[in-house]
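These entries record what I looked up, one topic at a time. I begin with a single residue and its contacts, and then turn to its surroundings.

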Amino acid sequence: MQSVGAIARSSDDIGGQFTQLLARTGLTLDELQSQLTGLADQQAQVVQRTGQLEAPGALLEAQQGLVDVMQLRENGLRGMAQAVSQLQPSTDPTEAGKIL
């Protein structure tokens, strides 16, 4: 069983990878979508581990809040991957920004 700290570090690492991914140049849209999907899959594992924590009764509500926060990150990554899949290589940068 992992501690909350270990789970938070895992999620934070995924966030760092996301930031680095967005700063990379030269990626194709397919590569970007694949990388985002991979990060979302990693975050889904974090969500699952968070739900498996055995919190004492007084902390059950706080644990559910942590599960919710971890799920939000997963949803955000999946949403970004889906938005990227809707972009076309010749998309106007302004339009691409609106989609993302």
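**Entry 1: Glu-74.** I looked up the contacts of Glu-74 and found that it touches Ala-40, Gln-43, Ala-44 and Val-47, leaving aside residues up to four places away in sequence; contact means heavy atoms within 4.5 Å. Glu-74 is found in helix 3, residues 60-85. Helices (H or I, at least four residues) and strands (E, at least two) are DSSP runs numbered from the N terminus. I then noted that Glu-74 is buried, with a relative accessible area of 10%. Buried means under 20% relative accessible area, exposed over 50%, and partly exposed in between, with a 1.4 Å probe and protein chains only.

**Entry 2: basis of the values.** I note that this is a predicted model, in which local features need pLDDT of at least 70 and side-chain atom pairs count only at pLDDT 80 or more, while totals for chains, interfaces and linings use all residues. Residues are numbered from 1 along each chain as its sequence is written, and side-chain values use heavy atoms, with hydrogens and water left out.

**Entry 3: the whole protein.** I counted the elements: the protein has four helices and zero strands, and along the sequence the pattern reads α-α-α-α. The radius of gyration is 16 Å, well over the 13 Å that the globule rule gives for 100 residues, so the protein is more spread out than a compact globule. This radius is taken over C-alpha atoms, and the globule rule is 2.2 Å times the number of residues to the power 0.38. Along the principal axes, the C-alpha atoms fill a box of roughly 55 × 20 × 15 Å. Of the 100 residues, 27% are buried. Among contacts with a separation of 6 or more, 68% join residues 24 or more positions apart.

**Entry 4: helix 1.** I looked up helix 1 (residues 4-23), which has 20 residues and reaches 29 Å from its first C-alpha to its last, close to the 28 Å expected at 1.5 Å a residue. The expected span is 1.5 Å times one less than the number of residues. Which residues of helix 1 are buried? They are Ile-7, Ser-10, Ser-11, Ile-14, Gly-15 and Leu-21. Seen down the helix axis, these buried residues fall within an arc of 140°, so they line one face of helix 1; the arc is that of the directions from the axis to the C-beta atoms. They pack against helix 2 (29-51) and helix 3. The face turned away from the buried side carries the exposed residues Arg-9, Asp-12, Thr-19, Gln-20 and Ala-23.

**Entry 5: the core.** I examined the largest nonpolar core, where Leu-36, Met-70 and Leu-77 touch the most other members among its 17 residues. Helix 1, helix 2 and helix 3 are the elements that give two or more residues to this core, and its largest share, seven residues, comes from helix 3. A nonpolar core is a set of buried Ala, Val, Leu, Ile, Met, Phe, Trp, Tyr and Cys residues joined through side-chain atoms within 4.5 Å. Leaving aside residues up to four places away in sequence, Met-70 touches Ile-7, Ala-8, Ser-11, Gln-43, Val-46, Val-47 and Thr-50.

**Entry 6: two further residues of helix 3.** Leu-72 is found in helix 3 and is exposed, with a relative accessible area of 59%. Its C-alpha atom is separated by 9.5 Å from that of Val-47, 25 residues apart along the chain. Gly-65 is also found in helix 3 and counts as partly exposed at 30% relative accessibility.
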